[in-house]
Amino acid sequence: AYLRYVEHSAHARPGPAACARLAAVLGTSVAWLRGGGTERAPGAGPDPGGVPSLDVLDEGTCRQHLGERGVGRVVFDEEQGPAALPVNYVVLDGALVFRTAAEGPIARALRAGRPLALEVDHLDEVRGEGWSVLVRGPAAFLEDPEGLAAVEHRGLVPWAGGERHAVVRVEAHELSGRQIRRA
């Protein structure tokens, strides 16, 4: 109940002792609880110790990690070479859907017939653990009114903000994932 209060109340102001206990229970640091470490790339902290093991994730676990919405990176080829751009996505009828600029690099790659994939990761820097899921399948602009209405209903906003009205749907025909755990 206390953790729920701290997470959801604007009035919660846990003191140093409470933060230290919460960090210990959650397996993280007080600095991380307070939003520290977000200005550097993940993995730049100290080695968390333990022996890492790599597990292959099955399709069901991959779908569970993707959830109903999240932030991922669209990976595609540009004329200059590989590119990866962040996007917010929602899952709609098993496919991942995101917004992009109608004349932006993702849209240009899609119009040129280049394949794209979507990668979603979660990293726990303190514990040295995480997972990564790669979604591959046919991608196309979503243009049917019913599909667009469903996207509007889900409240999908572009990660980068601005005028990004083109909607892309990636069919999740191939899901693969890996997870790192520490002993």
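**Close-up views of a predicted model**

**View 1. The salt bridge between E152 and R99.** The side chains of E152 and R99 meet in a salt bridge, with a distance of 2.3 Å from N to O, in a model that is predicted. This pair links distant parts of the chain, since E152 belongs to helix α6 (residues 145–154) and R99 to strand β4 (residues 95–100), 53 residues apart. The two partners are classed separately by accessibility: E152 counts as exposed because its relative accessibility is 52%, where exposed requires over 50%, and R99 counts as buried because its relative accessible area is 10%, where buried requires under 20%.

View 2. A salt bridge of 3.2 Å, taken from N to O, joins the side chains of E119 and R73. Distant parts of the chain are linked by this pair, with E119 in strand β5 and R73 in strand β2 (residues 69–78), 46 residues apart. E119 is partly exposed at a relative accessible area of 23%, and R73 also counts as partly exposed, at 30% relative accessibility. R73 and E119 are linked with D121 in a network of salt bridges.

**View 3. The surroundings of A117.** A117 is part of strand β5 (residues 116–124), and it counts as buried because its relative accessibility is 11%. Leaving aside residues up to four places away in sequence, A117 touches R73, V74, V75, L134, V135 and R136. The C-alpha atoms of A117 and R99 are separated by 14 Å, and the two residues stand 18 residues apart along the chain.

**View 4. The salt bridge between R181 and D55.** Here the side chains of R181 and D55 meet in a salt bridge whose N to O distance is 3.4 Å. The pair links distant parts of the chain, with R181 in strand β9 (residues 174–182) and D55 in strand β1 (residues 52–57), 126 residues apart. R181 is partly exposed, having a relative accessible area of 43%, and D55 likewise counts as partly exposed, at 29% relative accessibility. The structure holds nine salt bridges, the R181 and D55 pair being one of them.

**View 5. A nonpolar surface patch that includes L3.** L3, V25, L26 and L33 make a nonpolar surface patch of about 340 Å². Among these residues, L3 lies in helix α1 (residues 2–8), and L3 counts as partly exposed because its relative accessibility is 33%.

Conventions. Residues numbered from 1 in each chain as written. Predicted model: local features only at pLDDT ≥ 70, side-chain atom pairs only at ≥ 80, totals over all residues. Heavy atoms only, no water. Patch = residues over 30% accessible without salt bridge, like charges linked within 9 Å, V, L, I, M, F, W, Y side chains within 5 Å. Areas by Shrake-Rupley, 256 points an atom, 1.4 Å probe, with all protein chains shown as cover. Salt bridge = Lys/Arg side-chain N within 4 Å of Asp/Glu carboxyl O. Helix = DSSP H or I, 4+ residues; strand = E, 2+ residues; numbered from the N terminus. Buried < 20%, exposed > 50% of the residue type's maximum accessible area, 1.4 Å probe, protein only. Contact = heavy atoms within 4.5 Å.
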